[in-house]
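This report describes a pocket, the nonpolar cores and the sheet of one protein. The sequence and structure are shown first.

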Amino acid sequence: MNISFIGAGKAGCSLGKYFAEKGSGCGLTVSGYYSLEEADARWAATFTGSHCFAAMGEAVDKSDAIIVSTPDGAITKVWESLRQEHVSGKMICHLSGSLSSDVFSGAEDLGAYPVSIHPMFAFSNRESVYQQLQQASFTLEGHPRAVLAWQEVFEALGNGAAPIDRDVKAKYHGAASLLSNHVLAVLATGYELLEECGFSSKEARSFSQFLVKNNVEHAIKEGCVKALTGPVERGDIGTVEKHLSVMGEAQQELYRACGRKLAALARQKHPGQDYGPMEDLLNQ
């Protein structure tokens with residue numbers, strides 16, 4: 001499979017480098033990059049050992065699969081240009097978690113195979129995070145031929161890959177956001193409270209790292225109900241009242257919202273225990 005990228009941001013550059021380094025054994029070749037910002041395409045081409053295309057049509061002609069690796073808001077506009085090229089027989093892909101392959105309107109009428117490919121991975125930069133992509137899983141949605149082809153590619157690379165229905169993409173992406181970005185809101189609030197206790201920002205992160213890592217690893221291995229500990233699970237109203245009494249309004253709001261979910265988990269873990277008083281407190 002020869003792959004070209006339209007767009008040269010963090011995701012496109014990282015995936016291209018990963019494919020270039022790991023894909024030769026399973027028949028993957030990165031043909032190159034096209035971007036409205038030529039300097040970005042040149043950087044990406046150098047980074048991946050591929051070509052910088054001067055025109056979108058060149059990228060299409062040199063590829064079996066074209067990956068639109070632009071921000072979500074630009075995908076439709078790119079497709080309006082891309083569909084003017086010779087896309088018949090090509091897989092037309094994007095990397096959005098929330099958009100389905102339907103964004104490539106009329107692709108199948110042109111003989112193309114539309115597909116959305118989403119890595120459950122946070123691309124924090126375009127220079128080095130590709131080294132971690134071996135551990136990432138991907139969801140695939142779109143034309144059955146393209147989904148099967150990409151599933152075989154990722155399995156050959158050693159990545160998890162699962163088909164997903166287009167109707168649940170927004171819900172799926174919401175889940176991914178909660179599991180990555182929204183977790184940072186909880187961590188930031190915890191670190192903030194430690195700083196209020198006298199820790200520096202660096203000390204707060206270092207001092208609590210085993211607690212954070214161990215808890216997440218336990219939840220992944222055993223599930224959230226089994227991993228549950230703490231005053232909400234114990235029904236320790238006095239401790240929860242103390243926590244709330246020393247927090248600011250925004251901190252309390254997050255604590256209560258998370259606490260209500262913890263109480264629901266606690267009911268699953270201890271179905272015979274009365275969590276009504278705890279829930280009343282957290283709902284105030």
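## The second largest pocket

In this predicted model, the second largest pocket has a volume of about 240 Å³. Its lining includes I6, G7, Y34, S35, L36 and M56. T70, P71, A74, K77, V78 and S81 also line this pocket.

Which helix gives the most to the lining of the second largest pocket? Helix 4 (residues 72–82) does, with 4 residues. Sorted by class, the lining of this pocket holds 7 nonpolar, 4 polar and 1 charged residues.

In soluble globular proteins, nonpolar side chains tend to be buried together. The largest nonpolar core here has 35 residues, and those that touch the most other members are F19, I117, W150 and F154. Helix 5 (residues 144–157) supplies the largest share of this core, 6 residues. Apart from its neighbours within four places in sequence, F154 is in contact with F19, I117, F138, L140, N159 and A161.

The model contains an open sheet of 8 strands with mixed pairing, in the order 3-2-1-4-5-6-7-8. Strand 3 (51–52) and strand 8 (160–163) are the edge strands, and each of them pairs on one side only.

Strand 1 (residues 2–6) and strand 4 (residues 65–68) run parallel and are joined by 4 bridges. Opposite F5 stands I67 in strand 4.

Terms used: Residues are numbered from 1 along each chain as its sequence is written. This is a predicted model: local features need pLDDT of at least 70, side-chain atom pairs count only at pLDDT 80 or more; totals for chains, interfaces and linings use all residues. Side-chain values use heavy atoms; hydrogens and water are left out. On a 1 Å grid over the protein atoms alone, a cavity is a set of points where a 1.4 Å probe fits but cannot get out, and a pocket is an open set with protein on both sides within 12 Å along at least five of seven lines; lining residues have an atom within 4 Å of a point. Grid points are joined across faces, edges and corners, and a volume is the space filled by probe spheres set on the points. Helices (H or I, at least four residues) and strands (E, at least two) are DSSP runs, numbered from the N terminus. Ala, Val, Leu, Ile, Met, Phe, Trp, Tyr, Cys and Pro count as nonpolar, Asp, Glu, Lys and Arg as charged, and the others, Gly among them, as polar. A nonpolar core is a set of buried Ala, Val, Leu, Ile, Met, Phe, Trp, Tyr and Cys residues joined through side-chain atoms within 4.5 Å. Buried means under 20% relative accessible area, exposed over 50%, partly exposed in between (1.4 Å probe, protein chains only). Contact means heavy atoms within 4.5 Å. Two strands pair if DSSP finds at least two bridges between them.
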